[in-house]
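Good morning, and thank you for joining.

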Amino acid sequence: MALPLGKSPTPLLARRASSGEIRNLASVSSSLLPAFGTSVDEVYPKLHKYIIAPYDRRYRWWQLFLVILVIYSAWASPFELAFKNVASGSLLVIDSIVDAIFAVDIVMTFFVAYLDKSTYLLVDEHKKIAIRYVSRIWFTMDVASTVPFQSIYRIFTGKKHGGDVFGFLNFLRLWRLRRVSNLFARLEKDTRFSYFWTRYCKLICVTLFAVHSAGCFYFWMATNYRIKKNTWIGSQIDNFESRSIWLGYTYAMYWSITTLTTVGYGDLHAENTGEKLFNMFFMLFNIGLTAYLIGNMTNLVVHSATRTFAMRDTINEVSRYASKNRLPESLKEQIMAHLQLKFKTVELQQDEVIADLPKAIRSSISQHLFQRTVETAYLFKGVSQDLIIQMVSEMKAEYFPPKVDIVLQNEIPTDFYIIASGAVDLLTYRNGTEQVLSKLGRADMAGEIGVLFNIPQPFTVRSKKLCQVIRISHWNFKQIIQPHDSDGQIIITNFLQV
């Protein structure tokens, strides 16, 4: 429903900063923004040689690439525990490459500036960066999750398999999952991405990881049980260890999904005490996971429908009020039409959208939206640019549905209106009957007679169709016009010439 109101000269904000600078500032993490009283140049000075800025675009792309490798590590760690042949075979080369890339990232971290929480300034001294990184658990865990234990064992012993101990050591790679968590936290705050779909993808990832990990661990339990026949999969498939990896993984995922969804077909069930204990803990975990998923999804759905619920509640309350007070049907219809239009255009209302912005920005927005329309109104043709800008800064936008009275005859003048779009009728009452005097359209004015001469409004103004109007109050107009004597004379002359 929003209609363009014309373009004004370049806003003040655009003259002070280029769009590229504004985009760069908006993309910086909130933790890197300067404190009050601190200039941007103090926070983001020219860094020392060979130091990487944490907000550098190339470094951000590197971090995003590492997230992709983290996803692979989260899948491979449980998988290699369950299927040992894969860990020492086809995936060994890939694991080595991934570990090497994360080793490069460890080295790069010694050259990445960090934000000092006490001064909120970037620290770019090599010694301080190294001491901070090495003295924290991050460095120890990063190294532990990167060391290729399986390859080292194979080089020194010549054996392909190192037992289950190396399979469990691979779980140290899950330390890297914090990168994925940080990525989702940033995406949820980034307005360029849908919060609903970002949160939804996060929930899906959590569920898939839980299903994958439980299935792989359950298969590992079967492979390490003494009597293979007395396992959940051995009771169904003979010599399952010598069968294809795809078959074992499919059965494990089938069991895990049916257990997570509490379907439990019964064809794959625990056969020994260890499996029964694991099933018990997995089902208890599923209760918490299901509650987490349902709670988050419910919150997302309810949040998206909050405005709809508010609209329906308001309309129901007003309907009961109108019925209780026996308001005329025509007046009740006007009230309902106005409320529905208000909720439909709530995102377009200037007051509610930009109320928290600085006055200079609000003024620039008003100039962009309203200036050309005000300049084309007959009353303000030829007035100074200063007067136009001051009036535009105080103007408000409103929407009116069809057949609604904007101004009532004989009411005290409080505002005058400029029609931005739509059409209205100018009405008067004579001998108890309504008479249409004229029709007003785009850039025409209504209510200005009462405001100029401080008399009761001589006409009723009623919308013919959906109207978008801008208005300024009687008091604000008089305060603005007082210092502009010459402009006041021009306005009176324009009025008399019509």
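Let me begin with strand β5, residues 415-421, which pairs with β8 in the antiparallel sense over two bridges. Pairing here requires that DSSP finds at least two bridges between two strands. Strands are DSSP runs of E with at least two residues, helices are runs of H or I with at least four residues, and both are numbered from the N terminus. Within β8, Met-445 is the bridge partner of Ile-418.

A word on the source: this is a predicted model, in which local features need pLDDT of at least 70, side-chain atom pairs count only at pLDDT 80 or more, and totals for chains, interfaces and linings use all residues. Residues are numbered from 1 along each chain as its sequence is written, and side-chain values use heavy atoms, with hydrogens and water left out.

The strands β5 and β8 belong to an open sheet of four strands, ordered β3-β10-β5-β8, with antiparallel pairing. At its edges stand β3 (396-400) and β8 (445-446); each has a single partner strand, so one side of each is left without a neighbour in the sheet. Helix α18, residues 359-376, packs on this sheet and touches β3, β5 and β10 (467-473), where contact means heavy atoms within 4.5 Å. The direction of α18 makes about 100° with that of β5; axes are lines fitted to C-alpha atoms, for helices over the stretch in contact, and angles run from 0 to 180 degrees between N-to-C directions. Helix α21, residues 474-481, also packs on the sheet, touching β5 and β10, and its direction makes about 60° with that of β10.
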